[in-house]
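Here's a quick walk through one model, starting with its backbone and moving on to its packing. Have the viewer open as you read.

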Amino acid sequence: MSTYTQLLYHIVFSTHQRKPTLSENGRSELFAFILGLLKNKNCHLYRINGMEDHIHIFTHIHPAIPVSSLIKNIKLASSDMIKRNRLFDHFEGWQKGYGAFSVNYSSKNNLIEYIKNQQEHHQKINFITEYKRVLEENGIEFDEKYLF
C-alpha cells in the first residue's frame, strides 16, 4: 500500500520584538528564499506573505520533517540570508517562538486568500489582535505575557 499525506500548516512568526523591519521592497526576495528552502525539503508552498513585523507561510510539510525542525531551519537560514545580503537595514532576527496550526484541506482556499490579502487585512486589525484570534480559533490557551 502507498503512503498518502495532506499535512497542511499555517505558520506565523514575527520579527524580534515585533520591530517593523521587513520593508516591502525586500520581502519578495525573502519569500523567494523561503520558497527555495521549502522546495529543498520536499514541501509545497501554497502561499507566503507578510507585513513589516511578521510573516505567514501556508505549506504542505513532507511527512519525514518535524514541523519544529522546518521552522527552525527557515528562521535560521533566512536570518542569515537577510544579514548577509543586508536585505533589511534594522533586522535583528526573528522572535524566539512561532505559531504552527494544522489546516483542514477544505479551508485551503480561504487561507490562501487571507494570506494573499495581508496588507488590506492589516489596515483593519493589528498583528497582536490577529494572532490572538488565530490562537483562539485553534482552541489554544495562552498567557498574554508569553505571546511575544
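N42 is exposed, at a relative accessible area of 54% (exposed is over 50%, buried under 20% and partly exposed in between, using a 1.4 Å probe and protein chains only). You'll find N42 in the loop between helix 1 and strand 2 (44-50); helices are DSSP runs of H or I with at least four residues, strands are E runs of at least two, and both are numbered from the N terminus. N42 isn't a glycine, yet its phi is positive, about 60 degrees. Most residues other than glycine have a negative phi.

R86 also has a positive phi without being glycine, near 50 degrees. R86 sits in the loop between helix 2 and strand 4 (99-102) and is exposed, with a relative accessible area of 70%.

## What you're looking at

This is a predicted model, with local features needing pLDDT of at least 70 and side-chain atom pairs counted only at pLDDT 80 or more, while totals for chains, interfaces and linings use all residues. Numbering runs from 1 along each chain as its sequence is written, and side-chain values use heavy atoms, leaving out hydrogens and water.

## Helix 1 against helix 2

The axes of helix 1 (residues 24-40) and helix 2 (residues 67-85) come within 10 Å and cross at roughly 140 degrees. Axes here are lines fitted to C-alpha atoms over the stretch in contact, with angles from 0 to 180 degrees between N-to-C directions. That makes the pair oblique (under 35 degrees is roughly parallel, over 145 roughly antiparallel, 65 to 115 roughly perpendicular, and the rest oblique).

On the helix 1 side, E29, L30, F33, I34, L37 and L38 do the touching; their partners in helix 2 are L70, N73, I74, A77, S78, M81, I82 and N85. Contact means heavy atoms within 4.5 Å.

## The cores

The largest nonpolar core holds 25 residues, and L30 and I57 have the most contacts inside it. Such a core is a set of buried Ala, Val, Leu, Ile, Met, Phe, Trp, Tyr and Cys residues joined through side-chain atoms within 4.5 Å. Two or more residues each come from strand 1 (8-14), helix 1, strand 2, strand 3 (54-60) and helix 2, with helix 2 giving the largest share, six residues. A separate core has 14 residues, including F58, V103, L111 and V134.

Back to L30: beyond its neighbours within four places in sequence, this residue contacts L22, S78, M81, I82, L87, F88 and W94.
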